[in-house]
Amino acid sequence: TTASAGRLANYFLRTGDFDKARSLYSLAETRVSPTDPGKRAWAILQRGVVELEAGELDAALAYVARANTTFSGWYLIEEHLAEITLLKGDTASAIEMYKNVLSRVPNGEFYAALGDAYMQAGKEDLAKAEYAKATASFERDIAKLASAASGHAIDFYLAHDANRALELARQNFLLRPGHEARTKLAQALLAADNRAEAIEVLKPTVNSGWATSDFVETSKMLAN
(Lines give C-alpha, C1' and ligand atoms only; values in the text may rest on other atoms or scores of the structure.)
Protein backbone atom coordinates (compact mmCIF):
# COMPACT_ATOMS: atom_id res chain seq x y z
CA THR A 1 0.00 0.00 0.00
CA THR A 2 0.95 3.67 -0.22
CA ALA A 3 1.14 3.89 3.57
CA SER A 4 3.44 0.88 4.01
CA ALA A 5 5.80 2.08 1.26
CA GLY A 6 5.80 5.53 2.88
CA ARG A 7 6.64 4.16 6.33
CA LEU A 8 9.52 2.11 4.97
CA ALA A 9 10.75 5.10 2.95
CA ASN A 10 10.73 7.23 6.09
CA TYR A 11 12.88 4.62 7.86
CA PHE A 12 15.49 4.75 5.11
CA LEU A 13 15.35 8.55 5.10
CA ARG A 14 16.08 8.64 8.83
CA THR A 15 18.95 6.17 8.44
CA GLY A 16 20.55 8.09 5.57
CA ASP A 17 19.79 5.76 2.66
CA PHE A 18 18.43 8.41 0.31
CA ASP A 19 18.31 6.17 -2.77
CA LYS A 20 16.05 3.62 -1.08
CA ALA A 21 13.89 6.41 0.34
CA ARG A 22 13.55 7.94 -3.14
CA SER A 23 12.62 4.59 -4.67
CA LEU A 24 10.01 3.79 -2.04
CA TYR A 25 8.34 7.21 -2.14
CA SER A 26 8.17 6.88 -5.94
CA LEU A 27 6.58 3.46 -5.41
CA ALA A 28 4.15 5.00 -2.93
CA GLU A 29 3.09 7.49 -5.60
CA THR A 30 2.35 4.73 -8.11
CA ARG A 31 0.08 3.03 -5.58
CA VAL A 32 -2.15 6.08 -5.08
CA SER A 33 -5.63 5.95 -6.57
CA PRO A 34 -6.09 8.27 -9.57
CA THR A 35 -9.02 9.80 -7.70
CA ASP A 36 -6.92 10.83 -4.68
CA PRO A 37 -4.79 13.86 -5.66
CA GLY A 38 -4.17 14.76 -2.02
CA LYS A 39 -2.43 11.48 -1.26
CA ARG A 40 -0.51 11.67 -4.55
CA ALA A 41 0.68 15.16 -3.64
CA TRP A 42 1.78 13.84 -0.23
CA ALA A 43 3.96 11.15 -1.89
CA ILE A 44 5.50 13.71 -4.27
CA LEU A 45 6.09 16.11 -1.39
CA GLN A 46 7.97 13.40 0.50
CA ARG A 47 10.31 13.01 -2.48
CA GLY A 48 11.00 16.71 -2.09
CA VAL A 49 11.68 16.21 1.61
CA VAL A 50 14.22 13.50 0.78
CA GLU A 51 16.03 15.85 -1.62
CA LEU A 52 15.93 18.63 0.98
CA GLU A 53 17.48 16.32 3.59
CA ALA A 54 20.11 15.31 1.02
CA GLY A 55 20.93 18.95 0.33
CA GLU A 56 19.70 18.84 -3.27
CA LEU A 57 17.75 22.12 -3.32
CA ASP A 58 16.96 22.25 -7.05
CA ALA A 59 15.58 18.72 -7.03
CA ALA A 60 13.66 19.44 -3.81
CA LEU A 61 12.09 22.52 -5.35
CA ALA A 62 11.06 20.61 -8.47
CA TYR A 63 9.25 17.91 -6.48
CA VAL A 64 7.55 20.31 -4.09
CA ALA A 65 6.42 22.49 -6.99
CA ARG A 66 4.97 19.38 -8.69
CA ALA A 67 3.18 18.48 -5.47
CA ASN A 68 1.71 21.98 -5.44
CA THR A 69 0.32 21.65 -8.96
CA THR A 70 -1.04 18.20 -8.10
CA PHE A 71 -2.97 19.46 -5.07
CA SER A 72 -2.85 23.24 -4.81
CA GLY A 73 -3.76 25.20 -1.69
CA TRP A 74 -2.28 22.80 0.86
CA TYR A 75 -0.34 24.88 3.36
CA LEU A 76 2.11 22.05 4.11
CA ILE A 77 3.30 22.08 0.52
CA GLU A 78 3.41 25.88 0.43
CA GLU A 79 5.53 26.17 3.57
CA HIS A 80 8.04 23.73 2.08
CA LEU A 81 8.13 25.88 -1.06
CA ALA A 82 8.82 28.90 1.13
CA GLU A 83 11.55 27.06 3.04
CA ILE A 84 13.39 26.00 -0.11
CA THR A 85 12.94 29.44 -1.68
CA LEU A 86 14.56 31.01 1.38
CA LEU A 87 17.41 28.48 1.34
CA LYS A 88 18.03 29.39 -2.30
CA GLY A 89 18.36 33.04 -1.30
CA ASP A 90 15.15 34.55 -2.67
CA THR A 91 14.13 36.23 0.58
CA ALA A 92 11.50 38.55 -0.92
CA SER A 93 9.53 35.66 -2.45
CA ALA A 94 9.92 33.54 0.69
CA ILE A 95 8.55 36.37 2.85
CA GLU A 96 5.42 36.64 0.73
CA MET A 97 4.97 32.87 0.74
CA TYR A 98 5.21 32.68 4.52
CA LYS A 99 2.79 35.60 4.90
CA ASN A 100 0.31 33.72 2.72
CA VAL A 101 0.65 30.55 4.78
CA LEU A 102 0.33 32.47 8.07
CA SER A 103 -2.86 34.16 6.88
CA ARG A 104 -4.45 30.71 7.04
CA VAL A 105 -2.30 28.83 9.58
CA PRO A 106 -0.99 31.11 12.39
CA ASN A 107 1.55 28.62 13.61
CA GLY A 108 4.66 29.25 15.75
CA GLU A 109 6.94 27.41 13.33
CA PHE A 110 5.81 29.62 10.45
CA TYR A 111 6.10 32.86 12.46
CA ALA A 112 9.66 31.83 13.30
CA ALA A 113 10.43 31.07 9.65
CA LEU A 114 9.04 34.44 8.57
CA GLY A 115 11.21 36.05 11.23
CA ASP A 116 14.26 34.25 9.82
CA ALA A 117 13.35 35.46 6.33
CA TYR A 118 13.08 39.05 7.55
CA MET A 119 16.40 38.70 9.37
CA GLN A 120 18.03 37.35 6.21
CA ALA A 121 16.62 40.38 4.37
CA GLY A 122 18.19 42.72 6.94
CA LYS A 123 14.84 43.76 8.44
CA GLU A 124 15.64 43.16 12.10
CA ASP A 125 12.66 45.00 13.61
CA LEU A 126 10.19 43.03 11.51
CA ALA A 127 12.05 39.83 12.38
CA LYS A 128 11.81 40.52 16.11
CA ALA A 129 8.07 41.14 15.81
CA GLU A 130 7.60 37.73 14.16
CA TYR A 131 9.80 36.04 16.75
CA ALA A 132 7.58 37.50 19.49
CA LYS A 133 4.52 36.05 17.74
CA ALA A 134 6.32 32.71 17.43
CA THR A 135 7.11 32.67 21.16
CA ALA A 136 3.50 33.40 22.09
CA SER A 137 2.20 30.76 19.68
CA PHE A 138 4.64 28.07 20.83
CA GLU A 139 3.89 28.70 24.49
CA ARG A 140 0.14 28.50 23.89
CA ASP A 141 0.54 25.21 22.05
CA ILE A 142 2.90 23.78 24.68
CA ALA A 143 0.39 24.63 27.40
CA LYS A 144 -2.30 22.76 25.45
CA LEU A 145 -0.30 19.68 24.39
CA ALA A 146 3.41 19.63 25.11
CA SER A 147 4.06 16.30 23.36
CA ALA A 148 2.84 17.70 20.03
CA ALA A 149 4.37 21.18 20.24
CA SER A 150 7.74 20.74 21.93
CA GLY A 151 9.72 19.46 18.94
CA HIS A 152 9.36 22.51 16.70
CA ALA A 153 9.57 24.82 19.71
CA ILE A 154 12.97 23.37 20.67
CA ASP A 155 14.37 24.32 17.26
CA PHE A 156 13.13 27.88 17.73
CA TYR A 157 14.42 28.27 21.27
CA LEU A 158 17.82 26.84 20.37
CA ALA A 159 18.33 30.05 18.41
CA HIS A 160 16.62 32.40 20.87
CA ASP A 161 16.60 31.08 24.45
CA ALA A 162 19.03 28.29 25.36
CA ASN A 163 17.57 27.77 28.84
CA ARG A 164 14.04 27.33 27.54
CA ALA A 165 15.34 25.03 24.79
CA LEU A 166 17.00 22.78 27.36
CA GLU A 167 13.90 22.72 29.56
CA LEU A 168 11.73 21.69 26.61
CA ALA A 169 14.28 19.19 25.31
CA ARG A 170 14.41 17.39 28.66
CA GLN A 171 10.61 17.33 28.80
CA ASN A 172 10.42 16.09 25.20
CA PHE A 173 12.91 13.30 25.91
CA LEU A 174 10.86 12.10 28.88
CA LEU A 175 7.73 12.05 26.75
CA ARG A 176 9.28 10.15 23.80
CA PRO A 177 12.86 8.97 24.43
CA GLY A 178 13.80 8.09 20.85
CA HIS A 179 16.78 9.04 18.72
CA GLU A 180 15.19 12.26 17.47
CA ALA A 181 14.52 13.42 21.03
CA ARG A 182 18.07 12.42 22.04
CA THR A 183 19.47 14.56 19.23
CA LYS A 184 17.37 17.57 20.28
CA LEU A 185 18.46 17.15 23.89
CA ALA A 186 22.12 16.91 22.87
CA GLN A 187 21.75 20.09 20.82
CA ALA A 188 20.17 21.89 23.77
CA LEU A 189 22.88 20.66 26.13
CA LEU A 190 25.55 21.94 23.75
CA ALA A 191 23.82 25.31 23.58
CA ALA A 192 23.90 25.36 27.39
CA ASP A 193 27.65 24.52 27.38
CA ASN A 194 27.09 21.06 28.85
CA ARG A 195 29.22 19.07 26.42
CA ALA A 196 29.83 16.07 28.68
CA GLU A 197 26.15 15.31 29.20
CA ALA A 198 25.45 15.91 25.50
CA ILE A 199 27.98 13.19 24.61
CA GLU A 200 26.39 10.75 27.09
CA VAL A 201 22.87 11.47 25.85
CA LEU A 202 23.81 10.86 22.22
CA LYS A 203 25.87 7.67 22.77
CA PRO A 204 22.94 5.23 22.21
CA THR A 205 22.23 6.90 18.86
CA VAL A 206 25.80 6.84 17.53
CA ASN A 207 25.79 3.17 16.49
CA SER A 208 22.05 2.88 15.88
CA GLY A 209 22.09 3.64 12.16
CA TRP A 210 20.23 6.91 12.73
CA ALA A 211 21.59 9.42 10.21
CA THR A 212 19.41 12.52 9.98
CA SER A 213 21.13 15.79 9.07
CA ASP A 214 20.43 17.05 12.61
CA PHE A 215 22.18 14.04 14.14
CA VAL A 216 25.14 14.18 11.74
CA GLU A 217 25.68 17.89 12.42
CA THR A 218 25.38 17.43 16.19
CA SER A 219 27.83 14.52 16.11
CA LYS A 220 30.34 16.66 14.23
CA MET A 221 30.01 19.41 16.80
CA LEU A 222 30.63 16.93 19.63
CA ALA A 223 33.64 15.44 17.83
CA ASN A 224 35.43 18.80 17.49
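Author: Let's start with what a helix is here: a DSSP run of H or I at least four residues long, while a strand is a run of E of at least two, both numbered from the N terminus. You're looking at a predicted model, where local features need pLDDT of at least 70, side-chain atom pairs count only at pLDDT 80 or more, and totals for chains, interfaces and linings use all residues. Residue numbers run from 1 along each chain as its sequence is written, and side-chain values use heavy atoms, leaving out hydrogens and water.

Reader: What makes something a pocket and not a cavity?

Author: Both are sets of points on a 1 Å grid over the protein atoms alone: in a cavity a 1.4 Å probe fits but cannot get out, whereas a pocket is open, with protein on both sides within 12 Å along at least five of seven lines. The largest pocket has a volume of about 1900 Å³, counting the space filled by probe spheres set on points joined across faces, edges and corners. Lining residues have an atom within 4 Å of a point; there are 46 for this pocket, with Glu-83, Glu-109, His-152, Asp-155 and Lys-184 closest to its centre.

Reader: Which helices each supply at least two residues of that lining?

Author: They are α1 (2–14), α3 (37–53), α5, α7, α9 (146–160), α11 (179–191) and α13 (213–223). Helix α9 gives the most, eight residues.

Reader: How do you know that Phe-71 and Trp-74 form an aromatic pair?

Author: Rings of Phe, Tyr and Trp (its six-membered ring) pair if their centres lie within 6.5 Å; planes under 30 degrees apart are stacked, over 60 edge-to-face and the rest tilted. That rule gives seven aromatic pairs. Phe-71 and Trp-74 are one of them, at 6.2 Å centre to centre with 80 degrees between the planes, which makes the pair edge-to-face.

Reader: Why is the pair of Tyr-75 and Phe-110 called edge-to-face?

Author: Their ring centres are 6.0 Å apart and their planes stand at 65 degrees, so the pair passes as edge-to-face. Tyr-75 sits in helix α5 (residues 75–87) and Phe-110 in helix α7 (residues 108–120), so the pair ties together parts 35 residues apart in sequence.

Reader: Why does Phe-110 count as buried?

Author: Buried means under 20% relative accessible area, exposed means over 50%, and partly exposed is in between (1.4 Å probe, protein chains only). Phe-110 has 3%, so it's buried. Tyr-75, at 33%, falls in between, so it's partly exposed.

Reader: What makes a nonpolar core?

Author: It's a set of buried Ala, Val, Leu, Ile, Met, Phe, Trp, Tyr and Cys residues joined through side-chain atoms within 4.5 Å. The largest one has 42 residues, of which Phe-156, Tyr-157 and Leu-185 touch the most other members. Helix α7 gives the most to this core, seven residues. Another core, of 10 residues, lies apart from it and includes Leu-52 and Ile-77.

Reader: Is Ser-137 buried or exposed?

Author: Its relative accessible area is 3%, so Ser-137 is buried. This residue belongs to helix α8 (residues 124–144). Contact means heavy atoms within 4.5 Å, and beyond its neighbours within four places in sequence, Ser-137 is in contact with Pro-106, Asn-107, Gly-108 and Tyr-111.

Reader: Why is Asp-193 called exposed?

Author: Asp-193 comes out at 72% relative accessibility, so it counts as exposed. You'll find Asp-193 in the loop between α11 and α12 (195–206), and it has a positive phi of about 65 degrees although it is not a glycine.
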